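Have the model open while you read.

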Amino acid sequence: QQEVEQILIKAGQARSYARNSGFNRVLQDQVFVAALLSGFGRLVLLQNGRASGDAELMEVNPTGRSSYLAVSAFLLTLWGFEDWVITAVLNQYGWQASGLGAQISNCLYLAHSQQSGVIKLNASERQQALQAGFVL
């Protein structure tokens, strides 16, 4: 249950970035849904014997992609979700300058980058976020 609560909190934070940045309601909903769907892989791995501290459940592994995000993307592909959702899920741990689902994955990235109410971005990411219209 704690995992589901954490997923909901991150989804709410990501939606807040979209709303505060003036994105339309449809895009805000897409951000929220992508954030929720990102957590499916985490829940699947936990239900199949992984512990919350296992490497597969860490936010970023040495290859740059989290195993639980790969599981989430695989499930979304099987379920027939559009490419922009899958791309946003896979790319949420790095700033995306452009491309399919960039605004959505960037909202997810901002939600993950927030620690104790402060967004941890490097100077380049902060500049790109402001240029893209995000309110930080």
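1. A word on terms first: helices (H or I, at least four residues) and strands (E, at least two) are DSSP runs, numbered from the N terminus. This is a predicted model, where local features need pLDDT of at least 70, side-chain atom pairs count only at pLDDT 80 or more, and totals for chains, interfaces and linings use all residues. Residues are numbered from 1 along each chain as its sequence is written, and side-chain values use heavy atoms, leaving out hydrogens and water.

2. Searching the whole structure turns up three salt bridges, meaning a side-chain nitrogen of Lys or Arg within 4 Å of a carboxyl oxygen of Asp or Glu.

3. Take R25 and D29: their closest N and O atoms are 3.4 Å apart. The two sit four residues apart in helix α2, so about one helical turn separates them. R25 is exposed at 57% relative accessible area, while D29 is partly exposed at 29%. (Buried is under 20%, exposed over 50%, partly exposed in between; 1.4 Å probe, protein chains only.)

4. D29 also bridges to R15, at 2.4 Å between the closest N and O atoms. That links helix α2 (residues 25-38) to helix α1, with the partners 14 residues apart. Shared partners join R15, R25 and D29 into one network.

5. E3 and R42 form a salt bridge too (2.7 Å, N to O). E3 is in helix α1 (residues 2-20) and R42 in helix α3 (residues 40-47), so the pair ties together parts 39 residues apart in sequence. Both residues are buried.

6. Lastly, N106 in helix α6 (residues 102-113) is buried, at 4% relative accessibility. Beyond neighbours within four places in sequence, N106 contacts G94, W95, Q96 and F134 (heavy atoms within 4.5 Å).
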